[in-house]
Amino acid sequence: MSDREKLRWQGDLALIADAAREAGAVAFGFFNQSPEVWWKNDDRSPVSAADFAANKTLESILRKARPDYGWLSEETDDDADRLGRETLFIIDPIDGTRAFLGGQKVWCVSVAVVHRGRPVAGVLYAPALEELYEAVQGGPALKNGEPLTVSAALPEEVRRLAIGEDLLKTFPPAFREQVRREKYIPSLAYRIAMVADGRLDGTFVKGNSHDWDLAAADLILACAGGRLVDLDGNPIVYNRAEVTHKVLCAAPAPRIDEFLAAFVGRRDS
């Protein structure tokens with residue numbers, strides 16, 4: 001990466017961090033205030049006035065600052081124009097809307113800059129927790145300005161995993177016996193951030209996650225020493241025509257192979 005690119009992505013990181021804070025403040029103004037709610041995806045997913053307000057804030061700041069960048073957001077109608085852009089913003093104005101509406105604090109604003117299919121700057125801002133995660137390609141992952149790193153646990157130590165109970169039951173007994181299953185974490189982006197800061201040793205992500213759930217958290221995890229991969233061990237490519245993904249695994253880089261092997265070794269595989 002050239003010095004010019006480093007400066008460019010650093011500038012983008014500063015921009016998206018400020019924008020995420022502003023959008024987070026807007027969303028927080030609706031928190032525990034019973035905002036209006038609508039349903040999408042065949043009435044399976046809620047979206048609130050807070051989501052739309054935070055999205056509008058992000059769009060007004062970011063598109064004005066970088067008019068040549070593409071745009072992909074959960075709360076903006078998709079535009080195929082993004083596919084022709086080398087660089088774009090990938091946005092989830094509130095990741096964890098159900099938690100937000102239920103008064104839980106585990107929700108965040110997710111903002112990433114993606115260049116040629118991979119994130120180069122990423123921010124997760126959780127206003128109710130007063131936490132800001134940020135990373136830029138080639139730099140450290142930070143939480144409230146302090147460097148963070150993935151767990152250094154060894155393979156023979158207890159695995160703290162965020163994984164559905166039904167899925168865990170299908171894993172080999174020897175693997176299950178060493179797992180401490182963490183309670184459900186409603187924001188996928190925040191769950192991956194918990195792997196990045198060492199509170200989790202890993203997580204399996206069910207199929208049908210989206211670019212906007214993942215892009216910022218993916219970079220933060222990578223800069224903390226982890227990886228987010230598909231079941232073949234490949235990194236995610238963003239800004240494709242299809243923005244959903246199959247089953248994924250997030251873990252410290254030295255443990256990815258261990259977890260993928262356990263998945264392949266399930267009874268029903």
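**Exercise 1. Find how many salt bridges are counted between domain 1 and domain 2, and look at the one formed by arginine 118.**

Solution. Let's start with the count: in this predicted model, two salt bridges link domain 1 and domain 2. Now turn to arginine 118, whose partner is aspartate 218. Their closest N and O atoms lie 3.0 Å apart, and the cut-off for a salt bridge is 4 Å. To place the two residues, compare their numbers with the domain bounds: domain 1 spans 3–147 and domain 2 spans 159–265.

**Exercise 2. Work out which elements supply the side of domain 1 that touches domain 2, and what kinds of residue are found there.**

Solution. Begin with polar contacts: twelve residue pairs are in polar contact between the two domains, with both residues at pLDDT 80 or more. Next, list the elements that give two or more residues to this side of domain 1: strand 3 (70–73), strand 4 (87–95), strand 5 (108–115), strand 6 (118–126) and strand 7 (131–136). Strand 6 gives the largest share, seven residues. Finally, sort the residues of this side by type: 23 are nonpolar, eight polar and nine charged.

**Exercise 3. Describe the extent of the interface between domain 1 and domain 2 by residues in contact and by buried area.**

Solution. First, take the residues: 40 from domain 1 are in contact with 28 from domain 2. Then take the area: about 2,500 Å² is buried between the domains, and carbon and sulfur atoms give 67% of it.

Note on methods:
Residues numbered from 1 in each chain as written. Predicted model: local features only at pLDDT ≥ 70, side-chain atom pairs only at ≥ 80, totals over all residues. Heavy atoms only, no water. Domains from an automatic or database assignment. Contact = heavy atoms within 4.5 Å. Buried area = accessible area lost by both parts, 1.4 Å probe. Salt bridge = Lys/Arg side-chain N within 4 Å of Asp/Glu carboxyl O. Polar contact = N/O pair within 3.5 Å; in protein donor to acceptor, adjacent residues only side chain to side chain. Helix = DSSP H or I, 4+ residues; strand = E, 2+ residues; numbered from the N terminus. Nonpolar A, V, L, I, M, F, W, Y, C, P; charged D, E, K, R; others polar.
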